[in-house]
Amino acid sequence: METDESESEAEYNRMTENLHQLRDSDSLKSDFIATASHELRTPLTSVWMGVHLLLEKAAGELTDKQIEVLSACREDCERLDKLMRDLLDLSRIEAGESKPTLALVKTRDLIDEATKELRPQVESKGLDFKVDAPFTLPAVRVDRMQVERVLANLVVNAIRYTQYGEIKISAQPRGDSLAVSVSDTGSGIPQEYLPHIFDKFVQVPGAATGGAGLGLAISRLIVEAHGGQISVQSERGKGSTFTFTLPIAA
């Protein structure tokens, strides 16, 4: 009997030690990502500014081919800058340094403000952009900028996977919460990817380039920091619907 108890205690101690090691390892990775991202942004900004000045012909006239090459360089710099910002934001959120600053917000106003910025991106790809959010929706207490970022991440993600059809934002009460959904008529997500779609650096094959697999991970952390949950329903070839909840303000 004593032997069994000793073995159980030893097993428990091993599990606890492994858990601490995993937490320490994850913390080290987050610290490294934050430091590397911060250090890389300075030289990247210098490169971006140099390319911009060349395109503005500050160093003389350019041929069409030179403009084409420099324009591609500028696009890559902008893509890398976004990646650096996402990595920094992710590390700050994970470290608890970007806690939401809550304020009472009318739900319809929140959605209208977000869609104002997103509509040109959707319609420029030839997609319909629909909003189904009644003015009578209850207010929420949220960090407006963070929730708008979640909506932007979900819509940009939908644009990436949708070649034709529509993208729709809808909102409705669900018990004590408000459920906000972003649906599309895109290619959908293979079933094997659904359990991991909100993990860091997860990318579904077949999507247009441009993402690093951080948008959904950041969105999940923001929603959870507000006391909500985020989920996805998708079927290959029939589009996807991402839904997140926010507590309704008392």
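# Report on loops, core, pocket and cavity

At a relative accessible area of 45%, Phe201 counts as partly exposed, a class that lies between buried (under 20%) and exposed (over 50%), as judged with a 1.4 Å probe on protein chains only. The model is a predicted one, in which local features need pLDDT of at least 70 and side-chain atom pairs count only at pLDDT 80 or more, whereas totals for chains, interfaces and linings use all residues. Residues are numbered from 1 along each chain as its sequence is written, and side-chain values use heavy atoms, with hydrogens and water left out.

## Two loop residues with positive phi

Phe201 sits in the loop between β5 (177-184) and α5, where helices (H or I, at least four residues) and strands (E, at least two) are DSSP runs numbered from the N terminus. Although Phe201 is not a glycine, its phi is positive, at about 65°. Lys57, in the loop between α1 (2-55) and α2, likewise has a positive phi of about 65° without being a glycine. These values are worth noting because most residues other than glycine have a negative phi.

| Residue | Relative accessible area | Class |
|---|---|---|
| Lys57 | 40% | partly exposed |
| Cys73 | 33% | partly exposed |
| Cys77 | 7% | buried |
| Thr115 | 6% | buried |
| Val223 | 1% | buried |

## Cysteines

How many disulfides does a search of the whole structure find? The search returns zero, a disulfide being a pair of cysteine sulfur atoms within 2.5 Å. For Cys73, the closest cysteine sulfur belongs to Cys77, and the 6.7 Å between the two sulfurs is too far for a bond. Seen from Cys77, the closest cysteine sulfur is in turn that of Cys73, again at 6.7 Å and too far for a bond.

## The nonpolar core and its contacts

The largest nonpolar core, with 49 residues, has Leu154, Ile167, Ile169 and Phe244 as the members with the most contacts inside it. The largest share of this core, eight residues, comes from α4. Such a core is a set of buried Ala, Val, Leu, Ile, Met, Phe, Trp, Tyr and Cys residues joined through side-chain atoms within 4.5 Å.

Once neighbours within four places in sequence are left aside, Phe244 is in contact (heavy atoms within 4.5 Å) with Val147, Val150, Leu151, Leu154, Leu178, Ala179, Val180, Val223, Gln229 and Ile230. Val223, one of these partners, is found in helix α5 (residues 215-225). Apart from residues up to four places away in sequence, Val223 touches Val150, Gly228, Gln229, Ile230, Phe244 and Thr245. The C-alpha atoms of Val223 and Leu246 are separated by 7.3 Å, with the two residues 23 apart along the chain.

Thr115 lies in helix α3, and its contacts, neighbours within four places in sequence again left aside, are with Phe129, Val131 and Ile169.

## The second largest pocket

The second largest pocket has a volume of about 340 Å³, and 15 residues line it, of which Met145, Gln146, Glu148, Arg149 and Ala152 lie nearest its centre. On a 1 Å grid over the protein atoms alone, a pocket is an open set of points with protein on both sides within 12 Å along at least five of seven lines, a cavity is a set where a 1.4 Å probe fits but cannot get out, and lining residues have an atom within 4 Å of a point. Points are joined across faces, edges and corners, and a volume is the space filled by probe spheres set on them.

Helices α2 (64-94), α3 (107-123) and α4 (144-161) each supply at least two residues of the lining of the second largest pocket, and α4 gives the most, with six residues. This lining divides into seven nonpolar, three polar and five charged residues, with Ala, Val, Leu, Ile, Met, Phe, Trp, Tyr, Cys and Pro counted as nonpolar, Asp, Glu, Lys and Arg as charged, and the others, Gly among them, as polar.

## The cavity

The count comes to one cavity of 30 Å³ or more, and the largest cavity has a volume of about 70 Å³. Its lining is made up of Asn157, Ala158, Tyr161, Asp184, Gly188, Ile189, Ile197, Val204, Leu216, Ser240 and Phe242. The elements that give two or more residues to this lining are α4 and β7 (240-247), and the largest share of the lining of the largest cavity, three residues, comes from α4. By class, the lining of the largest cavity has seven nonpolar, three polar and one charged residues.
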